[in-house]
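Visitor: I'd like to learn how to read a model like this one. Could you take me through it feature by feature?

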Amino acid sequence: MRSIQLRLAPALVCAAICLAAARLPSAFADDNVPPEMSYGPRFIQSDGAALYRATCRGCHMPDGEGAKGAGMYPALAGNPQLVTGAYVADVVLHGRNGMPGFGDRMSNDQVAAVVNYVRTNFGNQSTDPLSAADVANMR
Amino acid sequence: MTKTTNEVDDRPRNSVKTRRQLLTLAGEVGGVAAMYQAMTALGFAAESSYSGPINLQDAPKGSSVLILGAGIAGLVAAYELRRAGYEVTVLEYNRRAGGRAWTIRGGDEYTELGGFRQSCEFDEGLYFNPGPWRIPFHHHAILDYAKRFGVALEPFIQVNYNAYVHGRNAFGGKPQRYRHVQADYQGHVAELLAKAANGHQLDAELSREDQDRLLESLRAWGALDRQFRYATNTNSSDRRGYAVDPGGGLMPDAVPSEPLDRNELLRSRLWRAIAAGTEYEFQSTIFQPVGGMDQIAMAVYRQVKDVVRFNAKVTKIDQNDKGVTVTYADASDAGAPPRLATADWCICTIPLSILSQIEVTASQPMRDAIHAVPYAAGFKAGLQFKRKFWEQDEHIYGGISYSDLPINRISYPSTGYGQPGKGVVVGSYVFGPNAFEFSAMAPQERLREVLRQGAQIHPQYPDEFENGISVGWHRVPWSNGCYGLWSEKARDAHYKNLCQIDGRLALAGEHASYLPAWQEGAVLSALDAVQRLHARIKSGN
């Protein structure tokens with residue numbers, strides 16, 4: 001079986017990852033640690049980074065760079081709107097335009113964790129984390 | 001099944017009234033978001049009210065309509081308006097028609113948002129439908145277009161009694177045959193209810209005579225013996241199958257099989273899978289077009305191909321009392337100067353996830369409606385295997401196996417039975433959190449996971465897997481999600497506003513229907529929009 005060539009993307013650049021063939025020689029290798037996936041109608045992850053990886057990354061991309069197609073997903077990296085924690089929590093809880101809300105799928109702790117994560121990563125440097133109680137008040 | 005207070009059901013929802021009617025019939029759904037159903041079924045579809053081909057005529061001479069999107073809604077609108085005599089132009093973002101009615105075949109390349117590129121390596125003749133894959137018998141409008149344009153249909157095998165039902169904690173993780181789960185659930189429940197009747201616990205509910213009828217029905221429905229027990233015998237084996245099947249000549253005698261333990265079956269929750277085929281939108285006969293779901297959209301496209309412009313990314317929809325002006329860019333060249341398309345009228349079928357990011361001149365209520373609909377996550381993976389091991393080893397011909405693993409289900413091709421050679425299986429189809437999670441992975445990670453999980457049901461996976469491809473709908477560059485997820489509150493506040501003719505603009509698409517994520521919703525919304533628009537035009541506004 002052929003091996004896959006991967007070009008790793010530098011931190012803030014969205015690189016094309018080309019697969020000559022979607023074959024997986026290592027699909028069943030013992031050293032693969034399966035990703036933590038949810039079981040049921042709610043997300044199972046509790047850590048902010050894990051929640052980002054589980055869901056936000058799907059649209060906002062691995063380095064928070066956003067994406068452009070017929071429409072777009074906003075970048076989280078260096079996005080001034082993230083300075084306001086309450087705004088981010090509101091969007092995560094209730095959604096905005098095409099983005100679904102995650103309030104029914106995440107607890108207050110989880111929402112706080114992922115909001116605090118995006119506001120302290122991707123070049124964002126907020127120093128005022130939200131608490132689960134803050135999130136609860138916004139539901 | 002109990003509903004926890006925070007369970008979320010991600011299935012498309014149709015109108016509140018219709019849902020309430022249906023919910024009185026299907027007691028276990030609605031408020032109860034069972035795990036399988038929360039992540040499998042697409043909710044309820046009201047019977048289509050299609051009454052046959054429309055025959056719009058006598059468009060005012062020289063009158064023009066611009067149609068945005070060449071998915072099934074846009075194609076149907078284009079076809080019908082052109083037939084009426086309008087000058088029609090269709091702008092489409094992709095380099096192909098069909099939109100979400102998409103079939104992926106060997107040789108197709110797909111680049112998702114983020115730049116992750118996949119190359120489909122299926123053998124010739126094999127395919128995978130990442131979007132719609134079934135058409136219910138009561139989706140009259142889309143079936144009518146298939147008929148009118150000569151698209152062959154074949155049955156989609158929704159229920160295969162020999163497919164598996166799997167739960168990670170059920171029976172030690174060993175997949176069970178659907179026929180065992182269904183027959184045994186029914187048999188054990190029948191036995192319990194018969195005991196209740198014979199123990200006089202139903203005397204307040206039913207007369208003696210009605211209880212006798214009930215017992216008779218339970219014996220028939222549950223395959224009970226003369227003592228109203230569900231046991232190891234030919235009665236139950238004639239439902240669930242034998243341990244040794246009847247043979248011919250001097251072959252061994254048939255041996256009845258032993259039912260699953262009642263309490264273990266109840267605790268396993270595997271019974272959640274056996275309702276799927278009974279739902280109105282999944283009942284036999286349910287169809288797929290021969291050769292791929294895109295065959296219907298392609299047939300409509302062939303009727304209007306000379307007026308479709310591909311590679312057009314709409315950036316602005318403007319209108320005034322004189323007409324509509326749409327600004328569009330070259331979808332593959334951000335540096336190219338934008339172009340303008342003008343017409344008297346416009347039917348826009350762009351998904352709201354995208355449309356909400358485009359500047360639209362319309363009333364505030366319509367714009368509010370466009371911004372009111374989030375898009376649901378959905379995920380599918382197609383896997384090619386070297387041989388049809390599900391048929392050869394396990395005698396599963398078409399149909400669906402269910403699991404509570406994140407892959408949610410495995411679906412076997414409803415075509416090409418018994419033919420030598422390779423086959424493509426849908427290795428996962430799921431909504432909800434798992435759909436978000438798969439979509440967030442890079443394609444090779446998704447396949448790794450889909451294969452690892454599927455191997456728990458089919459150990460042949462590692463030896464037989466050849467190649468695969470996956471679609472996470474939030475990564476689809478022209479869709480930004482799988483379908484419009486209307487809440488009841490949003491429907492009440494915004495749906496009718498969304499469907500109004502706003503000046504010279506009308507919207508259509510599955511989001512402008514009560515059949516979310518179904519092509520029928522897209523087709524009916526297009527037919528309704530063109531009829532209303534034509535009526536307004538003919539009446540001189």
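Visitor: Leaving aside neighbours within four places in sequence, which residues is Leu75(B) in contact with?
Guide: Two residues are in contact if their C-beta atoms, placed from the backbone, lie within 7 Å. By that test, and skipping neighbours within four places in sequence, Leu75(B) touches Ala70(B), Ala97(B), Ala297(B), Val300(B), Tyr301(B) and Val304(B). Before we go on, keep in mind that this is a predicted model: local features need pLDDT of at least 70, side-chain atom pairs count only at pLDDT 80 or more, and totals for chains, interfaces and linings use all residues. As for names, residues are numbered from 1 along each chain as its sequence is written, while chains are lettered from A and ligands numbered from 1 in the order in which they are written.

Visitor: Which residues touch the most other members of the largest nonpolar core?
Guide: The general idea is that nonpolar side chains tend to be buried together in soluble globular proteins. A residue counts as buried if 20 or more other C-beta atoms lie within 10 Å of its own, exposed if 12 or fewer, and partly exposed in between. A nonpolar core is a set of buried Ala, Val, Leu, Ile, Met, Phe, Trp, Tyr and Cys residues joined through C-beta atoms within 7 Å. Here the largest core has 175 residues, and Leu75(B), Val76(B), Ala77(B), Cys346(B), Ile347(B) and Val523(B) touch the most other members. At least three residues of this core come from each of domain 1 (64-95 + 295-372 + 488-538) and domain 2 (178-268) of chain B. There's also a second, separate core of eight residues, with Ala183(B), Ala197(B), Leu218(B) and Ala223(B) among them.

Visitor: How far apart are the centres of those two domains?
Guide: Domain bounds come from an automatic or database domain assignment. Taken over C-alpha atoms, the centres of domain 1 and domain 2 of chain B are separated by 55 Å.

Visitor: What covers the buried residues of helix H9(B)?
Guide: Helices (H or I, at least four residues) and strands (E, at least two) are DSSP runs, numbered from the N terminus. H9(B) has eight buried residues out of eleven: Asp294(B), Gln295(B), Ile296(B), Ala297(B), Met298(B), Val300(B), Tyr301(B) and Val304(B). Their cover includes H3, strand S2 (87-91), H4, S13 and strand S14 (308-309) of chain B.

Visitor: And which residues of H4(B) are buried?
Guide: In H4(B), residues 140-148, the buried ones are Ala141(B), Ile142(B), Leu143(B), Tyr145(B) and Ala146(B). They pack against elements including helix H3 (72-84), helix H9 (294-304) and helix H17 (519-538) of chain B. After H4(B) comes Gly150(B), with a positive phi near 70°.

Visitor: Now strands. Which residues lie on each side of S21(B)?
Guide: In a regular strand the side chains alternate between the two faces of the sheet. In S21(B), Gly378(B), Lys380(B), Gly382(B) and Gln384(B) are on one side, with Phe379(B), Ala381(B), Leu383(B) and Phe385(B) on the other, and all are buried.

Visitor: Which residue in S24(B) stands opposite Phe379(B)?
Guide: Strands of a sheet pair through backbone hydrogen bonds, either parallel or antiparallel. Two strands pair if DSSP finds at least two bridges between them. S21(B) pairs with S24 (residues 423-431) in the antiparallel sense over eight bridges, and there Phe379(B) faces Val430(B). Seven bridges also join S21(B) to S25 (residues 465-472), again antiparallel, and on that side Phe379(B) stands opposite Gly472(B).

Visitor: What is the strand order in the open sheet of three strands?
Guide: S7-S13-S8 of chain B, with antiparallel pairing. S7 and S8 are at the edges with a single partner strand each, so one side of each has no neighbour in the sheet. S8(B) and S13(B) are joined by three bridges, and Glu154(B) stands opposite Gln288(B).

Visitor: Is Asp333(B) buried or exposed?
Guide: Exposed, because Asp333(B) has 10 other C-beta atoms within 10 Å. Asp333(B) sits in the loop between S16 (324-330) and S17 (339-343) of chain B.

Visitor: Last one: what is the mean pLDDT of chain A?
Guide: pLDDT is the predictor's confidence in each residue, from 0 to 100. For chain A the mean is 84, and 77% of its residues reach 70 or more. Over residues 1-31 of chain A, though, pLDDT stays under 50.
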